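Here is a protein model to walk through together.

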Amino acid sequence: MIGLLVVGVILITPKVTTLINPEMGCVYLTDENTAANLQDLTSKIGAAVDNRQQELVIRYMKGTTVTSDMRKAFNAQKGLSGFSYSHEDFTRTPDNDKLVRIVFKYQ
């Protein structure tokens with residue numbers, strides 16, 4: 001039996017937690033907006049570049065290596081003339097996660 005419980009702005013099911021309030025930064029707790037490691041970071045940046053997005057904001061779970069991992073992730077990309085990024089502590093998790101804002105520059 002699958003149960004459904006609604007508590008405030010959080011919808012909870014046995015396998016999925018969907019956070020409804022993006023203004024509070026909760027949207028960055030979803031898998032779609034989270035990179036867990038370098039491979040995931042490279043993949044998410046690659047998808048954004050393929051779609052020619054101008055900007056990407058994601059939570060990176062390996063916050064202690066964000067600088068070197070960003071360099072590695074961007075070295076794997078084609079079609080960019082440059083990029084800039086900034087990061088800040090993501091305080092909604094107890095770990096050393098970072099919220100990373102990336103701006104892409106295309107050729």
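Let's begin with T34, whose side chain has a polar atom 2.7 Å from the backbone oxygen of T30. That is a polar contact, meaning a pair of N or O atoms within 3.5 Å; within protein, one must be able to donate a hydrogen and the other to accept it, and residues adjacent in sequence count only if both atoms are side-chain atoms. T34 sits in strand β4 and is buried, at a relative accessible area of 5%. Buried here means under 20% relative accessible area, exposed means over 50%, and partly exposed is in between, with a 1.4 Å probe and protein chains only. Leaving out residues up to four places away in sequence, T34 touches Y28, L29, D40, K44, R59 and M61, where a contact means heavy atoms within 4.5 Å.

Before going further, a word on what you're looking at: this is a predicted model, in which local features need pLDDT of at least 70, side-chain atom pairs count only at pLDDT 80 or more, and totals for chains, interfaces and linings use all residues. Residues are numbered from 1 along each chain as its sequence is written, and side-chain values use heavy atoms, with hydrogens and water left out.

R59 turns up again when we move on to D97. The side chains of D97 and R59 are joined by a polar contact of 2.6 Å. D97 belongs to the loop between β6 and β7, and with a relative accessible area of 2% it is buried. Setting aside neighbours within four places in sequence, D97 has contacts with R59, Y60, M61, E88, D89 and F90.

Now zoom out to the whole chain. You'll find two helices and seven strands, running β-β-β-β-α-β-α-β-β from the N terminus. These elements are DSSP runs numbered from the N terminus: helices are H or I with at least four residues, and strands are E with at least two. Of the 107 residues, 36% are buried. Among contacts with a separation of 6 or more, 57% are between residues 24 or more positions apart.

Four of the strands make an open sheet with mixed pairing, in the order β4-β5-β7-β6. Two strands count as paired if DSSP finds at least two bridges between them. At the edges are β4 (34-35) and β6 (80-89), each pairing on one side only. Further in, β5 (residues 55-60) and β7 (residues 98-106) pair in the antiparallel sense over six bridges, and I58 has V100 in β7 as its bridge partner.

What packs around all this? The largest nonpolar core has 17 residues, and L41, I45, M70, I102 and F104 have the most contacts inside it. Such a core is a set of buried Ala, Val, Leu, Ile, Met, Phe, Trp, Tyr and Cys residues joined through side-chain atoms within 4.5 Å. α1, β5, α2 and β7 each supply at least two residues of this core. Take I102: not counting residues up to four places away in sequence, its contacts include I45, M70 and F74.

Finally, look at R52, in the loop between α1 (38-50) and β5. Most residues other than glycine have a negative phi. R52 is not a glycine, yet has a positive phi of about 55°; it is partly exposed, at 48% relative accessible area.
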